[in-house]
Amino acid sequence: MQTLVAYVENKPGVLNRVSSLARRLAINIDSLTVGPTENEEIARMTIVAHTDERGAHRLEASLEKLVDVLLAENVSTRALLERDLALIKVSADQQNRPHLMELIKVFRARVVDVAPESLIIEVSGTVDKIDGLLEVLRPFGVLEMARSGRISMTRGGDLLQPPVSEPPAPNSSPLAQT
Amino acid sequence: MKLTGAEILCESLTRLGVREIFGYPGGAILPVYDALGKSKLHHVLVRHEQGATHMADGYARASGGIGVAMATSGPGATNMVTGIATAMLDSSPVVCITGQVSSKVLGTDAFQEIDITGITMPITKHNVVVTKVEDVARTLREAFLIAKSGRPGPVLVDITKDAQQASAEFNWEASVPKLPPKRRRNNHDQAEFDRAVEMLNTAKRPVILAGHGIMVSGAMRAFEQFVHAGNYPVAMTLLGIGCFPANNPLNLGMMGMHGEAWVNNAIQEADLLIAVGMRFDDRVTGDLRTYAKSARKIHIEIDRAEINKNVKVDAALVGDAREVLERLTPHIETREHTSWVRHITELKGDSAVRDIQSLPDSGHLYAAHVINDLWKETRGEAIIVTDVGQHQMWEAQYYHHNRARTLITSGGLGTMGFALPAAIGAKFAKLDSEVWVVVGDGGFQMTMSELATIVQEKINIKIAIINNGFLGMVRQWQEFFYDKRYVATPLVAPDFAALANAFGIRGERITKRAEVVPTIRSARESAETVLLDFRVEQEDSVYPMVAAGASLSDMIRRPNNPLVETATEP
Ligand SMILES: Cc1cc2nc3c(=O)[nH]c(=O)nc-3n(C[C@H](O)[C@H](O)[C@H](O)COP(=O)(O)OP(=O)(O)OC[C@H]3O[C@@H](n4cnc5c(N)ncnc54)[C@H](O)[C@@H]3O)c2cc1C
Ligand SMILES: Cc1ncc(C[n+]2csc(CCOP(=O)(O)OP(=O)(O)O)c2C)c(N)n1
Ligand SMILES: [Mg+2]
């Protein structure tokens, strides 16, 4: 599994270009998240792909060839903070509710919705942590689940910022005729 | 000054240096055609939009500039798909302009509405829909910039009819490209560079693999200096042909599936491969597990995505070929490869020195004869535009090109039907050059309707049909790998000379070897287009051949008692 971070133009069709590229390279995407950055014209993606280092290099370099991609970087080998968010609706009756609450505490999850027959649990953390919670919740009956997909950020001073535009060179259009 | 979107389009194209547009009109692009009529642009009316894209492509490849094709929405746009893909796979800078239904009805399946940007997303370098007249000039400047910069490729601009019809202030200076900022990668890795220099200076058996990127970069001089600095033997890809003079003793010829045996053997025996502007296509490498096992590899390449894609390399110098070569050449200290070069000459054996022309006339007419005669008669100076198939490979083997951009051929997509329209485009780019089409009887029948375009435009190109009565290249595979079961490869064709006459073009049929040179001569003397129908041997094959997926060392060689010998020395 390889993780890439990309900055892209925040406009229609860009997600399509990115996912279409992965499809063309026959790279299966495990999760792809996209959201705006502090600059509303730029969106940030985290792409988790089923591929090896070579495939990730190809994806990274090919992504950067897309006009709408400002930067793409394979961050798989860097010190990473990774987060996934899940909402899990689990069936809960009077008897097993206390046991459930115990588990939720252990996983540092939260109950965000309470109904007579069910609870919605919110949990964030690494993929492993969420998978772990899911495992222990299964016996209670998982009714629904929604996951955000992974977002990643390199730790500390290892910055990955979007490039800024330079003023265009005058007469930067190439001529058809040479 | 207020202009309509259509007028802005024409004005912008003119300012971008465009002279010719290859296109076909229709409802959704009609405002542009109206404006075209009032502009200085010359519109070439094609007979099929695929032809328009191939012409723009041929124009780009012959000139080193950008070719422009135009079509209406819906079927006009979808007819362009094959030509766009052809340009994409060979990194050719083509700008395609399509009309689109009005923005108010986009997405409603309006008459002749098709999502052409969606369809062409994977086969363009970039594409864009323009729905506002204010965006027309800027978008065109961006399209030209993108098509030609870095690794070139086709760009499609889809303009809605209302954007063509609406008016806006035209301000060229203010319509500067506004492309998203790109991260600048520092490609100058000193350690990588030093490693490459070390490899260059310690190699005993180096071979250069010269590709199309040298031409794209305009690096021919820098390349020649590099070659001579190190005294390196040069093998070329199909699309690299012309980047280095064929008459230079260091030029070995074409590598790969139909490369000459000594070229492939040299690659397999090399201890260093220096790949310049080529992408290790599978037709070049054969089985990757057995490819150039004893060689270290340097890859000079502008596109990072090509590095380690097919062949793992020991030093990657990412950048423009010319810049990288100019940086490298001063560091070359070793040029003593005399025994290696002599060894390669020995590999050639006597196969290279036998001249097919000196073989006694056996009464047979071989494609190799025709092409070799054409080379001699034109002194290797014509622009040859080939189609796809056996004749394409024979051209690569028997026509020796000394100058860049004189062989124009579809390599990556291998698009039959490319030659005739691409040659029309090449002729417009190089009006003073002699342009020859070398095409099979199969491929010619795919786009022969463009003969009418030639007549309407009154241009002068020469057409050599290598007529073997078969889809020859496929027949050859059936002969070698399917026990000669010739399914769907025997091919009926019209009398091409009579067909030419019907278009108002002189046509001749040639069946004997003795007729080849006189007819080529008389065709060259004519100031008009001439079509020559060469009836060649039907079941001839291209040798040597590395079967698809086989090792480069595993060549199917010419049978013992060859009817046709290998290429003559240039
Ligand atoms: C029937 C048939 C048979 C064929 N048989 C053979 C064969 O025997 N041998 C053979 O060689 N080919 C053969 N081909 C062609 C083959 O399929 C490929 O098209 C060809 O090998 C590609 O050559 P290339 O890598 O030089 O060019 P391209 O595919 O055009 O690649 C050019 C490379 O140069 C890079 N580049 C572009 N600009 C620059 C720059 N400024 N600086 C540096 N790098 C740059 C690009 O990024 C790219 O990687 C055959 C094709 C057909 C249809
Ligand atoms: C559009 C298209 N369809 C099919 C092919 C597959 N193909 C490759 S070579 C070839 C035969 C070409 O026959 P012809 O044009 O007569 O040339 P020859 O090989 O006989 O010289 C075919 C069918 C192709 N390359 N392009
Ligand atoms: Mg044929």
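Predicted model: local features only at pLDDT ≥ 70, side-chain atom pairs only at ≥ 80, totals over all residues.
**A friendly note on salt bridges and a magnesium site**

1. B:Glu377 and B:Arg521 form a salt bridge, and their closest N and O atoms are 2.8 Å apart. The two partners sit in distant parts of the chain: B:Glu377 belongs to helix 16 (residues 367-377), while B:Arg521 belongs to helix 23 (residues 513-525), 144 residues apart.

2. Are these two partners buried or exposed? B:Glu377 has 15% relative accessibility, so it counts as buried. B:Arg521, at 45%, counts as partly exposed.

3. Over all chains, a search of the whole structure finds 42 salt bridges.

4. Now have a look at chain A. Here A:Asp131 forms a salt bridge with A:Arg147, with 2.8 Å between the closest N and O atoms. This pair also links distant parts of its chain: A:Asp131 is in helix 4 (residues 127-137) and A:Arg147 is in strand 8 (residues 142-147), 16 residues apart. A:Asp131 is partly exposed, with a relative accessible area of 32%, and A:Arg147 is partly exposed too, at 31%.

5. For a salt bridge inside one helix, go back to chain B. B:Glu326 pairs with B:Arg322, and the closest N and O atoms are 3.3 Å apart. Why are these two separated by about one helical turn? Both lie in helix 14 (residues 321-328) of chain B and they are 4 residues apart, so about one helical turn separates them. B:Glu326 is partly exposed at 43% relative accessibility, and B:Arg322 is partly exposed at 40%.

6. Finally, which residues coordinate the magnesium ion (ligand 3)? They are B:Asp441 through OD, B:Asn468 through OD1 and B:Phe470 through O, at 2.0 to 2.2 Å. Along the chain, these donors follow the spacing D-x26-N-x1-F. B:Asp441 lies in helix 19 (residues 441-447) of chain B, and B:Phe470 in the loop between strand 18 (462-467) and helix 21 (472-481), so the pair ties together parts that are 29 residues apart in sequence. Both B:Asp441 and B:Phe470 are buried.

Methods:
Residues numbered from 1 in each chain as written. Chains lettered and ligands numbered in written order. Heavy atoms only, no water. Donors = N, O, S within 2.8 Å, 3.2 Å for Na, K, Ca; no water. Buried < 20%, exposed > 50% of the residue type's maximum accessible area, 1.4 Å probe, protein only. Salt bridge = Lys/Arg side-chain N within 4 Å of Asp/Glu carboxyl O.
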